[in-house]
Amino acid sequence: MPFVDPLADIDTINLELILADLESVNKRYARVEKMARTQKDKESVAEFNVLQKIKPVLEDGKSARTIEFTDEEQKVVKGLFLLTTKPVLYVANVDEDVVGDPESIDYVKQIREFAATENAEVVVISARAEEEISELDDEDKKEFLEAIGLTESGVDKLTRAAYHLLGLGTYFTAGEKEVRAWTFKRGMKAPQAAGIIHSDFEKGFIRAVTMSYDDLVKYGSEKAVKEAGRLREEGKEYVVQDGDIMEFRFNV
């Protein structure tokens with residue numbers, strides 16, 4: 001059986017990314033420093049200050065995502081397109097017989113501890129179990145998951161974690177012909193979310209008739225949700241929530 005050392009694997013990959021970022025930073029450093037010192041260019045000064053903050057961290061073998069930046073600095077960082085500032089999700093592949101109790105696995109504990117140092121997330125799955133799940137119908141899938149101590153598949157868990165890491169959510173629209181899911185950036189207000197479907201929806205937005213997915217499951221129908229007082233009419237300042245079911249009213 002081959003020796004397993006997930007932290008060594010992580011170090012190897014991260015080192016390659018760190019070296020790539022360091023090369024990129026070094027290329028910009030001298031040029032931006034000259035402009036910042038001689039021309040007193042405001043943008044160059046701001047960038048140079050950020051580069052001075054990033055360079056020693058990379059040289060110390062750490063990712064740029066471990067650095068705390070101000071909102072103004074973050075705008076500069078975004079323009080540098082560094083690999084180690086990207087959000088990271090570590091996926092641990094474990095045996096099928098222990099995937100239901102991942103906290104009992106020392107390797108998983110090690111990965112979680114490391115991930116916490118750089119604000120990364122960890123998802124534990126079993127590739128072998130996922131292969132078996134993919135071949136089952138919904139009823140058998142549910143029984144299989146219960147048998148191995150899970151409530152959802154690794155693919156569902158991975159998707160949910162990725163959405164959370166990227167600050168994304170899902171809202172739904174429903175009609176007689178189809179139900180559709182729409183991905184939005186968390187924090188979006190109703191008009192902007194409507195604009196994802198069509199720009200006219202945003203321009204002529206009036207209001208959104210809204211209920212939550214959980215309420216629909218709980219009460220069983222839109223009519224029952226309405227009778228329970230859980231069907232809402234939201235205006236332009238409403239911040240869309242993950243799992244909202246929305247009907248947009250607009251005028252163009």
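**The annotated span**

Residues 167-250 have end C-alpha atoms 27 Å apart, and the span is 31% helix and 38% strand. Helices here are DSSP runs of H or I, at least four residues, and strands are runs of E, at least two, numbered from the N terminus. UniProt lists this span as "domain: TGS", in an unreviewed entry. Such annotations may be inferred rather than shown by experiment.

This is a predicted model: local features need pLDDT of at least 70, side-chain atom pairs count only at pLDDT 80 or more, and totals for chains, interfaces and linings use all residues. Residues are numbered from 1 along each chain as its sequence is written, and side-chain values use heavy atoms, leaving out hydrogens and water.

Now strand β5, residues 205-212. Why is β5 largely enclosed by the rest of the structure? Because 6 of its 8 residues are buried, meaning under 20% relative accessible area with a 1.4 Å probe, protein chains only. β5 runs antiparallel to β7 (residues 244-250), with 7 bridges joining them. Strands pair if DSSP finds at least two bridges. Valine 209 sits opposite glutamate 247 of β7. β5 also pairs with β6 (residues 232-234), antiparallel, over 3 bridges. There, threonine 210 has arginine 232 as its bridge partner.

Last, the lining of the largest cavity. β2 (121-125), α5 (127-133) and α7 (154-165) each supply at least two residues. By class, that lining has 6 nonpolar, 3 polar and 2 charged residues; Asp, Glu, Lys and Arg count as charged, Ala, Val, Leu, Ile, Met, Phe, Trp, Tyr, Cys and Pro as nonpolar, and the others, Gly among them, as polar.

Notes:
Buried means under 20% relative accessible area, exposed over 50%, partly exposed in between (1.4 Å probe, protein chains only).
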